[in-house]
Amino acid sequence: MILNQETPMKSFKRHILLAAGLMAVSLSGFAEEDSAVTPVVVDELVPPYLEVQSSLADDNPAAARGEVEAFLSALDAAPQAESLDQLRDAAESLASSEDEKAARAAFLDISKGMIELVRTTGTSGEASLYVAHCPMAFSGEGASWLQGDTNVLNPYYGASMLRCGGIQEKIGG
């Protein structure tokens, strides 16, 4: 007597469906976690981010380290989300940076996260935000950042090449 014998193909299909179901459940947890990040949360992160950008454009990494504390406070007030955890790690790196080069490298990671956050979550539309890009930054690799206006102030070069770069797009406001 043979009880419920599956063919290898049926068994394979069943395992694939089970794996797909588990992935869907797992990914829905991430979606719910990051869905708590609203445009209002993003709006709270933008002003301190722009202060850090301005300080680095002014060749003042000490001020940038001070301004990033306000950014970290805004993150602390935000809901838990994986995307914000990555921003927190980058901001903590900037806060503990010991020189201008390290501060600017950490700011690159913050900028990548903020640009992605604004693109995916948006803002309330209160303030204009622009993506600026310098193709020469980081030994020609290029780097982008957010600005509140179209007047390029390069945080990666400061006074040595303050106007290097251009506005790529408007993504907020």
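Biologist: Contact here means heavy atoms within 4.5 Å. With that settled, which residues in H4 meet which in H5?

Modeller: One caution first: this is a predicted model, where local features need pLDDT of at least 70 and side-chain atom pairs count only at pLDDT 80 or more, while totals for chains, interfaces and linings use all residues. Residues are numbered from 1 along each chain as its sequence is written, and side-chain values use heavy atoms, with hydrogens and water left out. Helices (H or I, at least four residues) and strands (E, at least two) are DSSP runs, numbered from the N terminus. Now your contact: from H4 come Ser83, Leu84, Leu87, Ala90, Ala91, Ser93 and Leu94, and from H5 come Ala103, Ala106, Phe107, Asp109, Ile110, Gly113, Met114 and Leu117. By class, that contact of H4 with H5 has 11 nonpolar, three polar and one charged residues. Ala, Val, Leu, Ile, Met, Phe, Trp, Tyr, Cys and Pro count as nonpolar, Asp, Glu, Lys and Arg as charged, and the others, Gly among them, as polar.

Biologist: Nice. At what angle do H4 and H5 pack?

Modeller: About 160 degrees, with the axes of H4 and H5 8 Å apart. That makes H4 roughly antiparallel to H5. Axes are lines fitted to C-alpha atoms, for helices over the stretch in contact, and angles run from 0 to 180 degrees between N-to-C directions. Under 35 degrees counts as roughly parallel, over 145 as roughly antiparallel, 65 to 115 as roughly perpendicular and the rest as oblique.

Biologist: And how do H3 and H4 pack?

Modeller: H3 (residues 61–77) packs against H4 at about 155 degrees, and their axes are 9 Å apart. H3 is therefore roughly antiparallel to H4. On the H3 side the contact includes Ala64, Arg65 and Val68, and on the H4 side it includes Arg88 and Glu92. The contact of H3 with H4 divides into 10 nonpolar, no polar and five charged residues.

Biologist: What about H2 and H4, at what angle do they cross?

Modeller: The axes of H2 (residues 39–57) and H4 (residues 82–95) come within 14 Å and cross at roughly 25 degrees, so H2 is roughly parallel to H4. Val41, Leu45, Val52 and Leu56 in H2 meet Leu84, Leu87 and Leu94 in H4. That contact has seven nonpolar, no polar and no charged residues.

Biologist: Switching topic: what order do the strands of the sheet have?

Modeller: It is an open sheet of three strands in the order E2-E1-E3, with antiparallel pairing. Strands E2 (143–147) and E3 (166–172) are at the edges with a single partner strand each, so one side of each has no neighbour in the sheet. Two strands pair if DSSP finds at least two bridges between them.

Biologist: How many bridges join E1 to E2?

Modeller: Five bridges join E1 (residues 129–134) to E2, and His133 stands opposite Ser144 in E2.

Biologist: Which helices sit on those strands?

Modeller: H2 lies across E1 and E2, running at about 125 degrees to E2. H5 (residues 100–121) packs on the sheet too, touching E1, E2 and E3, and its direction makes about 60 degrees with that of E2.

Biologist: Last one: how many aromatic pairs are there?

Modeller: Four aromatic pairs, where rings of Phe, Tyr and Trp (its six-membered ring) pair if their centres lie within 6.5 Å, and planes under 30 degrees apart count as stacked, over 60 as edge-to-face and the rest as tilted. Tyr49 and Phe107 form a stacked pair, 5.1 Å centre to centre with 20 degrees between the planes. This pair links distant parts of the chain, with Tyr49 in H2 and Phe107 in H5, 58 residues apart.
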